[in-house]
Amino acid sequence: MSLKKSSYLMNKQTGDHLSLFVFIVVMVPLSLFWHELGHVIGGKLVRATHITVTLGLGKPLFRLNVGNMTFDVRRIFFVHSLTETKKNDSLSRREIVIVSMMGPLNSLVLGLCFYAVHQLAMPSFVIYLMFLFNIWIGIINLLPFKWKSRHSDGYAIVKALFFH
């Protein structure tokens, strides 16, 4: 292998590693936050009295209170997100479905936006990963599953529709 070709491959690998790092540390948390903002919109639609968005796991980094909303960001901010929606009275079945659907719907829309950007304006590895990641978040969250005390948005929807 020539020195020129070897240098190109090393630069490409470094670029790929940097892209992957940016994806994990910047883009994944933004996608998770965007998903949770969908639930915030749903909470606003059903007139929730308080909405708490938690991004990440571990000890808190910071907390921001805005009106009836609280945003908590934890140390490991790129692996988990959660929104809790509360009302003075319990959420109705319809309200649970609305709040639960809005997160995956937001993720799917964002994924399609990234696909359009990738196809029409800026084809790049990170943009394509964002398309795949957001579509994945949207679809996976619509599947009804429960693991220990955690459950998917799809589980909440099915439970509200058929077992509430």
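Tutor: Helices (H or I, at least four residues) and strands (E, at least two) are DSSP runs, numbered from the N terminus. This is a predicted model, where local features need pLDDT of at least 70, side-chain atom pairs need 80 or more, and totals for chains, interfaces and linings use all residues. Residues are numbered from 1 along each chain as its sequence is written, and side-chain values use heavy atoms, without hydrogens and water.

Student: What is the mean pLDDT of the protein?

Tutor: The mean is 90, on the predictor's confidence scale from 0 to 100, and 90% of the residues reach 70 or more. Over residues 1-11, though, the pLDDT is below 50.

Student: Which element gives the most to the lining of the largest pocket?

Tutor: β2 does, with 9 residues. A pocket is an open set of points on a 1 Å grid over the protein atoms alone, where a 1.4 Å probe fits, with protein on both sides within 12 Å along at least five of seven lines; lining residues have an atom within 4 Å of a point. The lining has 36 residues, and Ser-81, Leu-82, His-151, Ser-152 and Asp-153 lie nearest the pocket's centre.

Student: What is Val-28 in contact with, leaving aside neighbours within four places in sequence?

Tutor: Phe-23, Phe-78 and Phe-133, so each has heavy atoms within 4.5 Å of Val-28.
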